[in-house]
Amino acid sequence: QKTTPECGSTGYVEKITCSSSKRSEFKSCRSALMEQHLFWKFEGAIVGVALVFACLVIVRQRQLDRKALEKVRKQIESI
């Protein structure tokens with residue numbers, strides 16, 4: 001399909017048949033602009049998810065650091 005000139009930019013084609021002339025033609029189903037828009041939406045979603053998980057890691061690390069410091073403080077007080 002990629003050798004057909006209609007689908008050179010995206011690789012997707014749609015066969016269209018005219019009802020009056022019964023002539024068949026191919027056209028590209030997806031525009032390059034639409035594909036680019038979908039790509040950047042996907043990239044934005046991935047960056048958003050990465051930021052959420054980075055924040056969760058930071059919060060968890062702070063909790064663990066606080067617990068470790070509290071444990072050390074209790075051990076020092078017991079001496």
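These legends describe close-up views of one predicted model.

View 1. The chain holds 1 helix and 2 strands. The helix is H1, and it covers residues 32-78. One of the strands, E2, spans residues 24-28.

View 2. The mean pLDDT of the chain is 84. A value of 70 or more is reached by 76% of the residues. Which element has the highest mean pLDDT, and which the lowest? Helix H1 has the highest, at 95. Strand E2 has the lowest, at 70.

**View 3. Residues 38-59 carry a UniProt annotation.** The record, an unreviewed entry, lists this stretch as "transmembrane region". How much of the stretch is helix, and how much is strand? Residues 38-59 are 100% helix and 0% strand.

**View 4. Phe 39 and Trp 40 form an aromatic pair.** The structure holds 1 such pair. The ring centres of Phe 39 and Trp 40 lie 5.0 Å apart, with 75° between the planes. The pair is edge-to-face, because its angle is over the cut-off of 60 degrees. Two numbers are given for a reason: a pair of aromatic rings is described by the distance of the centres and the angle of the planes. Are the two residues buried or exposed? Phe 39 is partly exposed, with a relative accessible area of 41%. Trp 40 has a value of 54%, so this residue counts as exposed.

**View 5. Four nonpolar residues make a surface patch.** The members are Val 49, Val 52, Phe 53 and Leu 56. Their patch has an area of about 380 Å². Look at Phe 53, which lies in helix H1. Is Phe 53 buried or exposed? Phe 53 counts as exposed because its relative accessible area is 52%, and the cut-off is over 50%.

**View 6. Glu 70 and Arg 73 form a salt bridge.** The closest N and O atoms of this pair are 2.2 Å apart. Both residues belong to helix H1. Glu 70 and Arg 73 are 3 residues apart, about one turn of the helix.

View 7. Arg 73 and Glu 77 sit 4 residues apart in helix H1, so about one helical turn separates them. Glu 77 is exposed, with a relative accessible area of 54%. Which residues are joined into one network? Glu 70, Arg 73 and Glu 77 are, through salt bridges that share partners. How many salt bridges are counted? The count comes to 2.

Notes
Residues numbered from 1 in each chain as written. Predicted model: local features only at pLDDT ≥ 70, side-chain atom pairs only at ≥ 80, totals over all residues. Heavy atoms only, no water. Patch = residues over 30% accessible without salt bridge, like charges linked within 9 Å, V, L, I, M, F, W, Y side chains within 5 Å. Areas by Shrake-Rupley, 256 points an atom, 1.4 Å probe, with all protein chains shown as cover. Salt bridge = Lys/Arg side-chain N within 4 Å of Asp/Glu carboxyl O. Buried < 20%, exposed > 50% of the residue type's maximum accessible area, 1.4 Å probe, protein only. UniProt positions renumbered as here; feature names shortened; annotations may be inferred. pLDDT = per-residue confidence, 0-100. Phe/Tyr/Trp six-rings, centres within 6.5 Å; stacked < 30°, edge-to-face > 60°.
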